[in-house]
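Here's a quick briefing to read alongside the model. Have a look at the chain first, then work through the notes below.

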Amino acid sequence: MAAATLLLVLTVVALGSGHVDAFDPNPLQDFCVADPTSKVHENGVACKDPAAVVAEDFLFGGLDKPGGKTSKRFGFTANQVQIPGLNTLGESHVRLDVVPGGVFPVHYHPRAAETALVLEGSVYFGFVSSYPDNKLYAKVLRKGDVFAVPQGLVHFLYNNGTAPATLYASLSSQNPGLVLLGNLLFTGALPDDLVAKTLLTDAHTVQTIKANFRQP
């Protein structure tokens, strides 16, 4: 019996070790410049022919001024860094500009941790730990400050100052994902009665809030 048990343990260890050795989370080449024209579907973007790669594939300009997508409702502009040469390297970046009184509302990134560097102005920035503690970790950040958010935790940004604020955020995934909690509850497909019970309120209140989210 002891010999059989030992053999079973050794077999399990051997199988587990083989699985670990076969898994390589790192790139298998110097770079894999994204080829948006490829019809190949994979976990990421297909690689451009290395012979066709140029220096511009690793460059993105224009972050010296605001740009990109604007949210008038929340008062921010997000300019995502588009560098084909970052494909498969597990990172993404964005410049964020927030007007006084503006917010990047409560959200989380399911596949990435985040660090945010304040370039101009000041913001109230923080995250909340998971249930059951739900502890708030937040600080007023000023120019030159960097704040880190662990992967998957709910966080926010609020410009409660009197001047515009600019931040540069780096995320630890090529595709970090973005879940805006307000949008999830009030613009998605969840039934009103379910949202009402979740928030300990009534369906009329939920419908009123949904109407606010439908406004431009």
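The protein chain exposes about 13,800 Å², and carbon and sulfur atoms supply 61% of that area. Accessible areas here come from the Shrake-Rupley method with a 1.4 Å probe, and for residues only the protein chains shown count as cover. Keep in mind that this is a predicted model, where local features need pLDDT of at least 70 and side-chain atom pairs count only at pLDDT 80 or more, while totals for chains, interfaces and linings use all residues. Residues are numbered from 1 along each chain as its sequence is written, and side-chain values use heavy atoms, with hydrogens and water left out.

**The overall chain**

- You'll find four helices and 11 strands in the protein chain; these are DSSP runs numbered from the N terminus (helices are H or I with at least four residues, strands are E with at least two).
- Of the 216 residues, 29% are buried; buried means under 20% relative accessible area, exposed means over 50%, and partly exposed is in between (1.4 Å probe, protein chains only).
- Take the contacts (heavy atoms within 4.5 Å) between residues at least 6 apart in sequence: 65% of them join residues at least 24 apart.

**The annotated binding site**

- An unreviewed UniProt entry puts a "binding site" at His 107, His 109, Glu 114 and His 155. UniProt positions are given in the numbering used here, feature names are shortened, and annotations may be inferred rather than shown by experiment.
- These residues spread over 49 residues of sequence, yet they cluster in space, with a largest C-alpha distance of 12.1 Å.
- His 107, His 109, Glu 114 and His 155 also belong to the lining of the largest pocket. A pocket is an open set of points on a 1 Å grid over the protein atoms alone, where a 1.4 Å probe fits and there is protein on both sides within 12 Å along at least five of seven lines; lining residues have an atom within 4 Å of a point.

**A closer look at those residues**

- His 107 sits in strand E4 (residues 103-108) and is buried, at 4% relative accessible area. A polar atom of the His 107 side chain lies 2.6 Å from the backbone oxygen of Pro 105.
- His 109 is in the loop between E4 and strand E5 (114-120), and it's buried too, at 8%. Beyond four places in sequence, His 109 touches residues including Glu 114, His 155 and Leu 178.
- Glu 114 is part of strand E5 and counts as buried at 10% relative accessibility.
- His 155 belongs to strand E9 (residues 154-158) and is buried at 2%.
- The side chains of His 155 and Glu 114 make a polar contact at 2.9 Å. That term means a pair of N or O atoms within 3.5 Å; within protein, one must be able to donate a hydrogen and the other to accept it, and residues adjacent in sequence count only if both atoms are side-chain atoms.

**The disulfide**

- A search of the whole structure turns up one disulfide, meaning a pair of cysteine sulfur atoms within 2.5 Å.
- Cys 32 and Cys 47 are joined by it, S to S at 1.8 Å, and the link is left-handed, with -105 degrees about the S-S bond.
- Both cysteines lie in the loop between helix H1 (2-22) and strand E1 (69-71), so the pair ties together parts that are 15 residues apart in sequence.
- Is each cysteine buried or partly exposed? Cys 32 is buried at 2% relative accessibility, whereas Cys 47 is partly exposed at 39%.
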